Amino acid sequence: MNSFNDFNNPQVARLPKHLKQFIVEQQYDHYTPVDHAVWRYVMRQNYSYLKDVAYYPYIPGLEAAGLTIEKIPNLQDMNNALAKIGWGAVTVDGFIPPAAFMEYQAYRVLVIAADIRQIHHIEYTPAPDIIHESAGHAPIIADHDYHQYLSYFGSIGAKAIFSSKDFELYEAIRELSILKEMPDADPAAIRRAEKKVEFCQKNLGEPSEMALLSRLHWWTVEYGLIGTLENPKIYGAGLLSSIGESATCMSPGVKKIPYTIDAVNYPFDITKQQPQLFVTHDFQNLINVLEQFADTMAFRIGGLEGLLKAIECRNVCTAVFSSGLQVSGVLTDAGMDRENQVTFLRTTGATALAFDNRELPGHGKKTHADGFSSPVGKLKGQTKALEDLTEKELEGYGIVQGLTTAISFESGMSIHGKIENIEVKNGKTVLISFSDCTVSDQSGKVMFDPSWGNFDMAVGEKIISVFCGAADKDAFEEIALISKTATFHPVYDPKTQEYHRLYKTVREVRENREGYVELTEVWNRLKELFRDDWLCSLEILEILEHEEIMPDLAREIRIFLEMKAATEPEYSKLITDGFYLIKNPVSQQKLNV
């Protein structure tokens with residue numbers, strides 16, 4: 001992005017630099033008249049059906065989110081509405097990495113895919129689109145308890161450690177979803193992409209924190225039900241935005257299970273309808289389960305287990321010492337004693353040191369370009385942690401700026417050098433810098449040589465937390481894992497452009513309530529050039545029957561649609577549901593009731 005548009009929304013304005021890089025312009029003028037017709041059809045179907053099965057705040061929530069039935073929402077209108085409930089919205093290009101998605105939630109900003117599903121995927125699309133994100137996620141945010149859960153989930157998810165295989169699966173799913181939304185995708189390419197997703201899913205190995213947390217997110221935020229097992233209501237965005245699955249999910253064939261921590265044991269397939277769904281009795285239960293899972297995560301347990309998760313991740317993670325010092329880099333090694341306590345850690349490549357999520361001056365990636373290592377633990381013979389020693393107690397160990405001293409740790413590691421600086425934060429010693437320094441392990445092996453420059457020793461008895469990403473992301477200038485696979489943006493040929501013009505004419509006639517004679521010409525062109533069409537034909541029929549005009553034309557169109565529904569099964573439900581909407585009209589006025 002060349003310039004950042006915050007839509008005059010406080011939540012969007014607060015976004016840090018590393019999240020802004022995912023944002024794309026909505027480019028509202030790029031939506032075609034067919035796109036708007038798809039939005040209108042889905043929204044009318046949603047209202048007609050969801051008023052009975054959606055969790056109660058959904059319908060008033062549509063208006064609270066700045067949505068209308070008639071046209072695709074403009075991001076500015078959404079931000080104006082969402083700001084009133086402390087949220088914002090931005091548009092992105094399809095799927096973004098789960099960690100970034102979670103962090104947006106933590107900032108209370110909805111991530112909305114700018115694209116909209118093709119008409120042949122009107123019931124369901126595996127790709128994120130503006131119908132799913134805005135008509136699915138946005139309305140339920142009006143519920144206070146739910147949006148508290150959503151933002152809290154984001155703050156926890158942003159710390160989740162992922163594996164290298166997680167990102168391979170993310171790329172495979174993104175590629176498949178893009179292919180499936182292409183109007184003329186090669187079937188062989190789709191099959192190859194499906195096999196790649198299947199392979200990645202089967203070869204994930206032990207699921208990472210992010211993989212498990214993504215399951216909780218899927219079974220709640222995307223596909224959650226609330227209430228009783230016998231009479232649940234929909235609150236998950238994936239169901240709220242799917243006119244197909246929102247109906248089928250209520251059938252006895254879809255198993256309903258009480259929502260507990262056991263949901264982490266249920267993987268999901270984003271390309272298929274779900275065989276089971278989880279029902280929570282209230283939103284507080286969602287927070288309780290999330291807390292239960294968070295207690296197992298590296299950012300809370302730290303220690304050797306947390307470091308080993310970070311080492312397997314092979315991406316930038318942060319280890320937090322008990323002094324509060326944060327070491328951000330690619331963790332590659334950790335030492336332990338007989339009690340499995342951490343005795344040292346090592347990063348490889350650019351590393352930064354921070355405190356309270358702010359990079360320490362002079363300790364960025366340029367200073368520690370080749371990695372960082374440090375002992376962890378107590379001084380030998382000392383029960384009090386090094387970070388808690390007073391200035392006088394430090395003097396007793398010879399730890400005084402300007403002095404050459406020797407320090408020994410319980411682990412057997414030793415340091416000998418001249419102390420150049422002692423960094424203290426919030427009353428705790430967090431970093432001691434040495435010149436002319438030698439670091440040796442318990443066997444006498446030299447781990448740092450004076451010729452390598454100054455040695456910065458992190459201070460801390462324990463590693464109390466480990467989480468994904470850098471502590472100070474913007475200062476670290478972390479390169480996000482942005483996919484190289486771009487979403488598909490079609491160039492329309494003259495015939496398709498005419499198809500769009502026909503939809504535009506029908507919309508103008510409906511909105512202006514004049515020019516009805518033009519509908520005959522539109523219908524003739526549809527018959528001549530676009531025999532596969534059903535939606536534009538339905539819209540013409542809707543106008544004719546509501547205005548009680550041109551009965552012969554209305555009869556001809558209805559017979560055509562009835563024949564299509566009878567002979568082409570893929571259109572049967574869509575057309576039948578369209579007839580129902582004509583008989584039971586939905587308007588924006590009804591939406592606001």
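Of the 593 residues in the protein, 54% are buried. Buried here means under 20% relative accessible area, with exposed over 50% and partly exposed in between, using a 1.4 Å probe and protein chains only.

This is a predicted model, in which local features need pLDDT of at least 70 and side-chain atom pairs count only at pLDDT 80 or more, while totals for chains, interfaces and linings use all residues. Residues are numbered from 1 along each chain as its sequence is written, and side-chain values use heavy atoms, leaving out hydrogens and water.

## Overall build

The protein has 24 helices and 17 strands; these are DSSP runs numbered from the N terminus, with helices being H or I of at least four residues and strands E of at least two. Along the principal axes, the C-alpha trace spans about 100 × 50 × 45 Å.

## Inside the cores

Which residues have the most contacts inside the largest nonpolar core? They are Tyr104 and Trp534, in a core of 167 residues. Helix α3 (residues 33–53) gives this core its largest share, 10 residues. A nonpolar core is a set of buried Ala, Val, Leu, Ile, Met, Phe, Trp, Tyr and Cys residues joined through side-chain atoms within 4.5 Å.

A second, separate core has 20 residues, including Phe344, Leu394, Ile415 and Ile432.

## Around Tyr104

Leaving aside residues up to four places away in sequence, Tyr104 touches several residues, among them Leu15, Phe22, Val90 and Val111. A contact means heavy atoms within 4.5 Å.
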